[in-house]
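Welcome to this guided tour! Please open your viewer and get ready to select residues as we go.

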Amino acid sequence: MKKKPIKFLFIGRTCSGKSSIAKATSEKLGLRVVKSYTTRSPRDNEKNGESDHYFISKDEFDMLGSVYGFVAETEINNVKYATTYDELERSDIYVIDPNGVENLMRICGSDFEFVTVYIRVPYKVAEERYVQRGGTKKDFKSRYDSENDQFREYEKKREFDFHLLNDGSLENSVDSVCEWIKKRIELSNIN
């Protein structure tokens, strides 16, 4: 029986550090991060083309979904996020939320082996990061509250393979995640 390709799912609330950890981990291990499609506007640091998203209009998003179909799709604060099967197949790490994971498992769970890394951060640290990115505390609370139901349910189920409390340095968090990924890949190669 042919082994399923491993895809590492990085799951965490807004400003948990999941995208930064995914990017640094991918660079360190030579892996590729999924670039998802989104209807949100690029942040200032994403306007130079260095982002983990393709920024498209709502009409383009709907057209892309109807033509190619999405394997994972979610909406947060009226902003849509999704990816295609081809993009997932070409990648190793996918930054995704619990609602997107449910969709992903339903659509292509038999094609890939998914390994989940849940990244948490204290509320005040996340709020501070959000404000540093140019947001307000009020906007952060709104975003955090909008994610509450799906993350509370996800945390209650504890359906993750690895759990990282990202309250130290980025370097330490990346080192931990890299070790987990290397061990998981080694284990897969043995079996």
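What covers the buried residues of α4? Before you look, note that this is a predicted model, in which local features need pLDDT of at least 70 and side-chain atom pairs count only at pLDDT 80 or more, while totals for chains, interfaces and linings use all residues. Residues are numbered from 1 along each chain as its sequence is written, and side-chain values use heavy atoms, with hydrogens and water left out.

**Stop 1: helix α4**

Select residues 98-108, which form helix α4. Helices here are DSSP runs of H or I with at least four residues, strands are runs of E with at least two, and numbering starts from the N terminus. In α4, the residues Pro98, Gly100, Val101, Asn103, Leu104 and Cys108 are buried. Buried means under 20% relative accessible area, exposed means over 50%, and partly exposed lies in between (1.4 Å probe, protein chains only). Now for the cover: it includes the strands β1 (6-11), β4 (72-76), β6 (93-96) and β7 (113-120), together with the helices α3 (85-89) and α6 (137-157).

**Stop 2: valine 117**

Valine 117 counts as buried because its relative accessibility is 1%. Leaving aside neighbours within four places in sequence, show what valine 117 is in contact with: Leu9, Phe10, Ile11, Phe162, Val177 and Trp180. Contact means heavy atoms within 4.5 Å.

**Stop 3: helices α1 and α7**

Colour α1 (residues 18-29) and α7 (residues 170-190). These helices pack at an angle of about 60°, and their axes are 9 Å apart. That angle makes α1 oblique to α7. Axes are lines fitted to C-alpha atoms, for helices over the stretch in contact, and angles run from 0 to 180 degrees between N-to-C directions. Under 35 degrees counts as roughly parallel, over 145 as roughly antiparallel, 65 to 115 as roughly perpendicular, and the rest as oblique.

Which residues of α1 meet α7? Show Ser20, Ile21, Ala24, Thr25, Lys28 and Leu29 on the α1 side. Their partners in α7 are Leu170, Ser173, Val174, Asp175, Val177, Cys178, Ile181 and Lys182.

**Stop 4: salt bridges**

How many salt bridges does a search of the whole structure find? There are 10, a salt bridge being a side-chain nitrogen of Lys or Arg within 4 Å of a carboxyl oxygen of Asp or Glu.

Start with aspartate 62 and lysine 80, whose side chains meet at 3.3 Å, N to O, in a salt bridge. Aspartate 62 lies in helix α2 (residues 58-68) and lysine 80 in strand β5 (residues 79-83), so this pair ties together parts that are 18 residues apart in sequence. Aspartate 62 is partly exposed, at 41% relative accessible area.

Now move to helix α6, where lysine 141 and aspartate 145 sit four residues apart, about one turn of the helix. Their side chains form a salt bridge of 2.7 Å, N to O. Lysine 141 is partly exposed at 43% relative accessibility, and aspartate 145 is partly exposed at 38%.

Finish with glutamate 153 and lysine 156, which form a salt bridge of 3.7 Å, N to O. Is lysine 156 buried or exposed? Lysine 156 is exposed, with a relative accessible area of 63%, whereas glutamate 153 is partly exposed at 36%.
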